[in-house]
Amino acid sequence: MINIAFVRGQYLNNFEGQNYCFSEKIISLVGFSSIKTLHHNFPFPVIHLPSISDFLGNTRAVKIIANRTLGDAQMLFGISKFASQFDIFHTADPHYYYSYQLAKLRSQNKIKKLLVTSWETIPHNNETVMRKKEIKQFVLKHADHFLCYTERAKLCLVMEGINSSNISVIRLGVDLNKFKLQNSLFRQDIGGHAKFKKNVQILFVGRMIEEKGVIDLYQAFKTYFHHAKLYMIGEGVLANKLQRMIFKDKLTHGVFIEKRSYETMSKEYQKADIFVLPSTKTKTWEEQYGMVLIEAMASGLPIVAYDTGAIGEVVGEAGILIKEGDIRGLGAAIKTLIENPSLRQKIGTMG
């Protein structure tokens with residue numbers, strides 16, 4: 001039996017976690033998280049350890065203080081006592097403090113193997129604060145192997161000095177028993193003949209924040225395809241602003257901002273016709289993978305997105321990519337898909 005500790009702190013989630021449900025009896029996986037996590041029910045056993053973020057929160061002020069003192073607030077108290085119980089400790093990005101905790105144990109030969117997942121696609125990111133840079137460099141030095149979900153993330157590690165032979169690229173997927181095509185493009189008329197739907201639904205799933213491009217999407221909807229329905233599912237600081245814009249523009253019957261649990265999200269994809277993700281790049285972040293893209297593709301939805309980060313690599317030919325910030329191009333692409341159901345079907349099938 002190979003015993004694996006899957007360490008993710010407060011970011012333990014089922015988006016990634018569903019890929020680590022092993023049916024083979026030779027593998028046993030246990031999640032390690034802080035007391036507070038993104039999700040509450042997991043398909044594998046979880047050990048919750050207290051973290052600084054549990055007590056002080058995850059506010060910007062806490063992050064700034066922690067970054068400049070410890071290097072990061074994601075410390076898991078008591079994780080060292082599990083060192084001898086697992087064959088592999090599989091941690092997240094190297095800039096987290098719990099990754100540093102494990103790297104210290106590995107440097108002392110108190111754990112057998114350390115596998116580091118690296119999502120990061122911007123070389124030398126998380127290095128502007130000296131203490132955080134020290135943590136990251138220490139983890140990079142003492143990891144046994146690296147796992148990336150994109151070639152772009154692998155290139156980032158190579159540019160930071162990691163030998164390419166020490167990096168594996170394996171794509172993340174979704175449960176195809178949940179995320180699947182429901183023939184949403186068609187409806188049956190009385191005579192049993194297939195006809196395309198007339199009431200097209202546009203779907204966005206993600207955080208309601210500036211870098212996810214939600215304002216651009218709303219502006220494109222208002223200008224170019226307001227005769228469709230736009231469903232924006234998620235939470236964030238821009239949710240209230242969007243609600244005010246919708247009310248002011250008298251579009252309450254066309255744009256809907258909603259919250260959904262991850263367990264019910266597959267149904268939202270199945271009701272939609274087009275998926276849109278206009279993520280934009282900042283100095284310290286770009287779309288690193290976009291699990292929502294995989295969920296949309298598995299559901300047979302054509303994708304319209306800004307060509308930023310790893311989006312192009314993930315989507316391939318299953319979408320229409322637009323130059324970042326081109327609201328007119330964004331609207332035109334969505335309008336084209338609305339008016340051309342055969343194209344929707346073609347691109348969705350590619351996904």
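Buried means under 20% relative accessible area, exposed means over 50%, and partly exposed lies in between. The model is predicted.

Q: Why is G300 called buried?
A: Its relative accessible area is 14%. The cut-off is under 20%, so G300 counts as buried.

Q: Where does G300 lie, and what is in contact with it beyond its sequence neighbours?
A: G300 lies in the loop between α10 and β14. Leaving aside neighbours within four places in sequence, G300 contacts L181 and G348.

Q: How do you know whether H90 is buried or exposed?
A: H90 has 3% relative accessibility. Buried means under 20%, so H90 is buried. H90 sits in strand β4 (residues 88-91). Beyond four places in sequence, its contacts are I4, A5, F6, V7, R8, Y20, L115, T117 and L147.

Q: What makes T308 count as buried?
A: The value for T308 is 5% relative accessibility. The limit is under 20%, so T308 is buried. T308 is in the loop between β14 and α11 (311-315). With residues up to four places away left out, T308 touches S279, T280, K281, E287 and E324.

Q: Why is H124 called partly exposed?
A: H124 has 41% relative accessibility.

Q: How do you know which class N126 belongs to, buried, exposed or partly exposed?
A: The relative accessible area of N126 is 23%. Buried would need under 20% and exposed over 50%, so N126 is partly exposed. N126 is in the loop between β5 and α5. Its phi is positive, about 60°, and N126 is not a glycine.

Q: What makes α12 roughly perpendicular to α13?
A: The axes of α12 (residues 327-339) and α13 (residues 341-350) cross at roughly 105°. Angles of 65 to 115 degrees count as roughly perpendicular, so α12 is roughly perpendicular to α13. The two axes come within 5 Å.

Q: Which residues meet where α12 contacts α13?
A: From α12 come T336, L337, I338 and E339. From α13 come P341, L343, R344 and I347. The residues of this contact divide into five nonpolar, one polar and two charged.

Q: How does the reach of α12 compare with the expected span?
A: α12 has 13 residues and reaches 18 Å from its first C-alpha to its last. That is close to the 18 Å expected at 1.5 Å a residue.

Q: Which residues of α12 are buried, and what covers them?
A: The buried residues are G329, L330, G331, A333, I334, L337 and I338. Their cover includes β10 (201-205), α7 (214-224), β13 (274-277), β14 (303-306), β15 (319-322) and α13.

Q: Which residues have the most contacts inside the largest nonpolar core?
A: They are I202, M232, Y269 and F275, in a core of 68 residues. Helix α10 (residues 291-298) gives the most to this core, with six residues. Apart from this core lies another, of 37 residues, among them I111, I135, C148 and L157.

Definitions and conventions: Residues are numbered from 1 along each chain as its sequence is written. This is a predicted model: local features need pLDDT of at least 70, side-chain atom pairs count only at pLDDT 80 or more; totals for chains, interfaces and linings use all residues. Side-chain values use heavy atoms; hydrogens and water are left out. A nonpolar core is a set of buried Ala, Val, Leu, Ile, Met, Phe, Trp, Tyr and Cys residues joined through side-chain atoms within 4.5 Å. Buried means under 20% relative accessible area, exposed over 50%, partly exposed in between (1.4 Å probe, protein chains only). Helices (H or I, at least four residues) and strands (E, at least two) are DSSP runs, numbered from the N terminus. Axes are lines fitted to C-alpha atoms, for helices over the stretch in contact, and angles run from 0 to 180 degrees between N-to-C directions. Angles under 35 degrees count as roughly parallel, over 145 as roughly antiparallel, 65 to 115 as roughly perpendicular and the rest as oblique. Contact means heavy atoms within 4.5 Å. Ala, Val, Leu, Ile, Met, Phe, Trp, Tyr, Cys and Pro count as nonpolar, Asp, Glu, Lys and Arg as charged, and the others, Gly among them, as polar. The expected span of a helix is 1.5 Å times one less than its number of residues.
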